[in-house]
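Please read this report alongside the sequence and the model. It covers sheets, helix packing and the contact between the chains.

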Protein chains: 2
Amino acid sequence: MRLHAIGQRSETVRRANLSAIVRELHANGPLSRSQLVAKTGLTRSAIRGLIGEFVAADLVSEERAAPLGAPGRPSPVVRLSPGGAVVLALDIAVDSLAVALVGLGGEILDIIRVQRPRGHSTVDEIVSQLAEMTELICARPGGDALIGIGVAVVGVVRRSDGLVSTAPNLGWRDVPLGDHLARALKAEVPIAIANEADLGALAELRRGAAIGGDDVLYLSGEVGVGGGLIVGGRPLTGVAGYGGEVGHIPVNPDGIVCRCGSAGCWETEVGEEALLRLAGHQPRGGWSEVEAVLGEAREGAPVALAALDAVGRWLGFGLAGLVNVFNPRLVVMGGLFGRIHPYVADSLQRELDRRALPASRMLVRIVPAMLGVDAPLLGAAELAFEPLLSDPAAWLRPRSGLAELASA
Amino acid sequence: MRLHAIGQRSETVRRANLSAIVRELHANGPLSRSQLVAKTGLTRSAIRGLIGEFVAADLVSEERAAPLGAPGRPSPVVRLSPGGAVVLALDIAVDSLAVALVGLGGEILDIIRVQRPRGHSTVDEIVSQLAEMTELICARPGGDALIGIGVAVVGVVRRSDGLVSTAPNLGWRDVPLGDHLARALKAEVPIAIANEADLGALAELRRGAAIGGDDVLYLSGEVGVGGGLIVGGRPLTGVAGYGGEVGHIPVNPDGIVCRCGSAGCWETEVGEEALLRLAGHQPRGGWSEVEAVLGEAREGAPVALAALDAVGRWLGFGLAGLVNVFNPRLVVMGGLFGRIHPYVADSLQRELDRRALPASRMLVRIVPAMLGVDAPLLGAAELAFEPLLSDPAAWLRPRSGLAELASA
DNA sequence: GGCATTTGAAAGAGAGGAACACAAATCCCG
DNA sequence: CGGGATTTGTGTTCCTCTCTTTCAAATGCC
């Protein structure tokens with residue numbers, strides 16, 4: 001049985017309501033008190049009391065309302081204090097490393113991204129480079145309220161401890177990234193590590209093309225193909241966090257060998273290398289070669305167009321299965337797929353129409369991602385904020401009461 | 001934003017705790033009060049009060065404990081009153097119809113199942129037959145406390161209103177089954193309709209091979225192939241309830257045409273007809289032919305064994321994708337797949353080992369279902385109980401208080 | 001008879017709801 | 001242009017609801 005089914009007490013209500021308030025502010029930006037009343041369904045008194053606690057803890061600030069042309073007494077605007085709580089977000093991507101300091105509410109306070117040559121690197125190399133970048137970022141004044149660290153990595157990651165099971169792009173197998181990072185960053189706050197695509201999905205769900213969606217597929221095309229799945233409003237992690245590996249769905253019994261050891265995986269048909277191969281470019285050419293292919297396509301080169309068409313068909317082929325299984329409202333195409341979306345949309349849709357069940361296919365929309373390369377980084381920040389968002393009470397000063405009197 | 005994120009009040013706590021108690025009793029059978037205290041984490045006083053309300057509403061009864069050899073004052077045993085709340089469960093399967101009366105706690109009070117020739121039938125035929133069967137069942141005395149009707153149907157169903165989008169086995173397209181049933185049964189209680197495999201999964205999750213699992217795939221092999229997916233402890237429905245249609249995941253670009261209009265769907269490779277075809281039997285032979293094939297296999301007939309082996313490989317091929325995507329703890333093989341499980345386990349596992357990512361494949365266990373043909377029926381009952389389980393407060397008599405005094 | 005365990009009941013604490021007076025804007029009319 | 005009506009929202013107090021705490025009483029094994 002799940003442990004959530006456990007008894008509730010009044011305190012639970014308070015926690016939930018505090019959580020609802022920060023979540024609203026985090027998602028929507030500053031809101032007036034009365035908007036909060038409307039959104040949460042709580043009474044003014046309740047909101048007032050809860051906001052008061054946040055203010056006392058310096059997590060939010062209240063300001064007199066800007067007169068907005070509406071009749072009636074203006075409601076104070078409550079906003080999250082950007083420095084009230086910050087997280088560090090790290091991204092270990094295929095060809096770059098990034099570190100950002102993100103404030104509650106999602107504001108990026110500082111960000112560094114450096115290119116990284118494709119190919120294998122040791123954990124130590126990468127972790128020490130990240131540590132340097134982190135030092136630079138944390139040098140800015142007032143980085144006190146750090147509450148967590150979130151990490152996105154191109155690989156299959158165990159959520160509980162950040163063990164990277166495999167990361168073909170880095171050449172890693174069973175690397176305890178969590179431990180390495182904890183040591184290198186001398187972290188005094190929790191470090192949460194997850195797959196790049198999962199976090200890209202989270203970012204698009206919170207800040208991008210899928211805001212507020214309950215059933216969303218996010219497909220991240222890079223060298224490999226990753227997926228982030230939102231099911232019933234919550235990210236699908238699976239039993240250990242390994243979920244969402246759509247890139248290795250077998251789609252072609254006669255397909256070529258995949259980096260994962262299998263053959264005919266989806267990513268061997270729709271990944272970057274597949275596109276470049278089909279377009280007659282150097283398969284390992286990377287981003288610039290992709291741009292070249294897209295340039296040719298823009299000018300109508302038949303080979304490039306045919307390659308994109310084929311990739312679109314395979315995208316539709318695999319997506320049909322996912323749509324049948326998940327019955328999503330939205331599919332968000334990220335990374336490479338977002339880039340090539342205009343060129344593959346037609347053939348993708350044709351294949352989807354041919355292969356997905358009408359019921360499901362009629363309901364789904366396929367859109368490009370909104371957040372670009374920083375999506376996983378932003379998702380990592382969201383991941384790091386999650387504990388605060390779901391239980392802000394832990395960050396509030398203990399309320400004065402008998403306990404305090406007793407200790408005095 | 002989801003509407004659940006709305007403000008909570010004290011009443012919410014009470015609802016949640018009442019729900020936790022019925023869920024425990026419904027899942028585990030009779031429990032002593034102190035066991036409930038331990039399971040919920042609530043205090044004795046709280047439990048006492050809540051149980052008292054259930055007793056007053058005749059939903060549960062308390063009995064003096066049977067002396068159990070333990071020191072200390074014995075704790076009263078609280079059990080759900082089997083007749084306190086009952087549901088009607090209907091099942092429209094490929095080759096049978098079933099109706100059952102199920103009591104809270106899961107006890108089957110009465111059940112009728114009749115064979116049905118395979119092939120197309122009109123809604124009216126099926127619905128009127130179900131109505132007759134229902135009449136028979138409800139003739140038994142004391143069927144007063146009916147709180148809901150749950151229906152399992154072999155087809156793609158919209159959860160909100162029971163519109164059957166497609167049901168190839170019945171020859172239905174866009175049939176408003178919910179409306180038909182409501183009329184025919186003169187239902188005064190809610191009717192919830194869902195896909196057979198989804199409900200099979202629910203039944204296995206509550207009463208069968210997957211009890212308490214949080215991440216479970218249930219595969220239902222029949223003429224078609226269905227799937228019920230449990231993600232994070234909750235059934236995956238998708239945006240309209242069409243989710244879980246694993247049978248129509250495209251797996252073979254060169255595959256044969258499927259009943260759904262696509263080609264190379266998983267079910268064209270692993271469904272009943274595929275097995276019979278490969279084994280050189282009449283593809284439309286149905287259950288008896290399958291038994292014949294299994295008989296041959298038991299005796300070592302090479303053709304039958306080869307057919308089962310091939311089906312096992314394709315099962316593994318498709319399952320690899322699902323395992324990569326869902327990272328489940330458990331895969332439950334139901335229906336045909338449960339039947340042939342011993343014969344296909346090896347080739348399935350080999351293919352899975354070849355094609356699924358090590359991280360995910362190491363964690364998953366593949367087991368046959370426990371509940372047999374009645375799984376969807378039991379799931380339908382669970383579905384019908386769901387409103388009571390998640391908010392029992394609505395079934396309790398209004399508590400005496402100011403409101404009552406005022407109205408007097 | 002002693003001990004462990006549980007029940008029962010009353011008092012207490014924490015959380016949100018309801019009601020009322022008042023405050024601060026806009027709107028409208030003279 | 002100015003003042004009152006209107007509207008919307010705050011502050012505050014009291015109330016209700018629910019679970020917890022506490023302590024005495026009950027029950028059955030050893």
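B:Arg158 has B:Leu163 in strand E9(B) as its bridge partner. The model is a predicted one. Three bridges join E8(B) to E9(B), and the two strands run antiparallel. They belong to an open sheet of three strands in chain B, ordered E8-E9-E10, with antiparallel pairing. Strand E8 (156-158) and strand E10 (172-176) of chain B are the edge strands; each has a single partner strand, so one side of each has no neighbour in the sheet. On average, neighbouring strands here are turned by 10° against each other, direction ignored. Helix H5 (residues 177-185) of chain B packs on this sheet. H5 of chain B touches E9 and E10 of chain B, and its direction makes about 50° with that of E10(B).

**The five-stranded sheet**

Chain B also has an open sheet of five strands, in the order E6-E5-E4-E7-E11. Its pairing is mixed. Strand E6 (108-115) and strand E11 (191-195) of chain B stand at the edges; each has a single partner strand, so one side of each is left without a neighbour in the sheet.

Strand E5 (residues 96-103) of chain B is joined to E6(B) by seven bridges, and the pair runs antiparallel. One residue pair can be named: B:Ala100 has B:Ile111 in E6(B) as its bridge partner.

Two helices meet this sheet. Helix H4 (residues 123-138) of chain B lies across strand E4 (86-92), E5 and E6 of chain B. Helix H6 (residues 196-207) of chain B packs on the sheet through contacts with strand E7 (146-153) and E11 of chain B. The table lists the angles of helices to strands in chain B.

| Helix (chain B) | Strand (chain B) | Angle |
|---|---|---|
| H4 (residues 123-138) | E5 | about 35° |
| H6 (residues 196-207) | E11 | about 100° |
| H5 (residues 177-185) | E10 | about 50° |

**A helix pair in chain A**

Helix H9 (residues 287-298) and helix H10 (residues 302-326) of chain A pack at an angle of about 110°, and their axes are 7 Å apart. H9(A) and H10(A) are therefore roughly perpendicular to each other. Their crossing is left-handed. From H9(A), the contact involves A:Val293, A:Glu296 and A:Ala297. From H10(A), A:Ala304, A:Leu305, A:Ala307 and A:Leu308 take part. By class, this contact has six nonpolar residues, no polar ones and one charged residue.

**How the two chains meet**

In the interface, 59 residues of chain B are in contact with 60 residues of chain A. Several elements of chain B give two or more residues to its side: helix H1 (10-28), strand E9 (163-167), helix H10 (302-326), helix H11 (336-355) and helix H12 (358-361). H1(B) gives the most, with seven residues. By class, the side of chain B that touches chain A has 27 nonpolar, 22 polar and ten charged residues. Of the interface residues of chain B, 100% are also interface residues in chain A, so the copies meet through the same surface.

Note on methods. Residues are numbered from 1 along each chain as its sequence is written. Chains are lettered from A and ligands numbered from 1 in the order in which they are written. This is a predicted model: local features need pLDDT of at least 70, side-chain atom pairs count only at pLDDT 80 or more; totals for chains, interfaces and linings use all residues. Two strands pair if DSSP finds at least two bridges between them. Helices (H or I, at least four residues) and strands (E, at least two) are DSSP runs, numbered from the N terminus. Two residues are in contact if their C-beta atoms, placed from the backbone, lie within 7 Å. Axes are lines fitted to C-alpha atoms, for helices over the stretch in contact, and angles run from 0 to 180 degrees between N-to-C directions. Ala, Val, Leu, Ile, Met, Phe, Trp, Tyr, Cys and Pro count as nonpolar, Asp, Glu, Lys and Arg as charged, and the others, Gly among them, as polar. Angles under 35 degrees count as roughly parallel, over 145 as roughly antiparallel, 65 to 115 as roughly perpendicular and the rest as oblique. A crossing is left-handed if the near helix is turned anticlockwise from the far one by less than a right angle, and right-handed if clockwise.
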